[in-house]
Structure formats: C-alpha cells, structure tokens
Amino acid sequence: MLKKANRIWKSPVGLGLLFCLGLFAVVAIAQFWTGLPAFAPYLFLLLCPLMHLFMHGAMHNHGSRHSQSSSNNEE
C-alpha cells in the first residue's frame, strides 16, 4: 500500500497536485505576512499577561524554597 502511495506522488497528476499545494501555501503565507503588522500590537498585548503569569509563577516558587532552606540552616 505504501508503494502505491509513493507512485501517486511521482505521477504527473501527483506532481501537479504537489505544485498546486505548494503554490497555495506560498500565497497563503504571503497574505498572512501582509496582515501581520496590523495585528502585531494585539499579539504583544496578549503576550504580556502570559509572560507575567509564567514568569511571576517561577519567582514565587524560588522564594518559597529559599525561605525554607534558610530556616532549616538557622536551626
């Protein structure tokens, strides 16, 4: 069955289909890149809460471990 699938992509119809899919991908990416500057400020606004959520979460974990280890050292 795998050999049959490989033969399809090497046939003229398969090559034409690959060409059309590649062309569609290039056009879709080009359209996406032209609209990206319009959405960039919104992407940064969405990125800020995520950064704060993940980065502040890591800061609290380090602080609690540090306070536990320092209290153990004092005893």
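Tutor: Buried means under 20% relative accessible area, exposed over 50%, and partly exposed in between (1.4 Å probe, protein chains only). By that rule, 1% of the 75 residues of the chain count as buried. This is a predicted model, in which local features need pLDDT of at least 70 and side-chain atom pairs count only at pLDDT 80 or more, while totals for chains, interfaces and linings use all residues. Residues are numbered from 1 along each chain as its sequence is written, and side-chain values use heavy atoms, with hydrogens and water left out.

The chain has two helices and zero strands; these are DSSP runs, numbered from the N terminus (helices H or I, at least four residues; strands E, at least two). The chain exposes about 7,100 Å², and carbon and sulfur atoms supply 75% of that area. Accessible areas come from the Shrake-Rupley method with a 1.4 Å probe, and for residues only the protein chains shown count as cover.

Now the patch. Phe44, Leu47, Leu50, Met51, Leu53, Phe54 and Met55 form a nonpolar surface patch of about 770 Å². Patches are made of residues with over 30% relative accessible area and no salt bridge; like charges are joined within 9 Å, nonpolar side chains (Val, Leu, Ile, Met, Phe, Trp, Tyr) within 5 Å. A salt bridge is a side-chain nitrogen of Lys or Arg within 4 Å of a carboxyl oxygen of Asp or Glu. Phe54 has 60% relative accessibility, so it counts as exposed.

Cys48 is partly exposed because its relative accessibility is 34%, and Cys20 is partly exposed at 49%. The structure holds zero disulfides, a disulfide being a pair of cysteine sulfur atoms within 2.5 Å.
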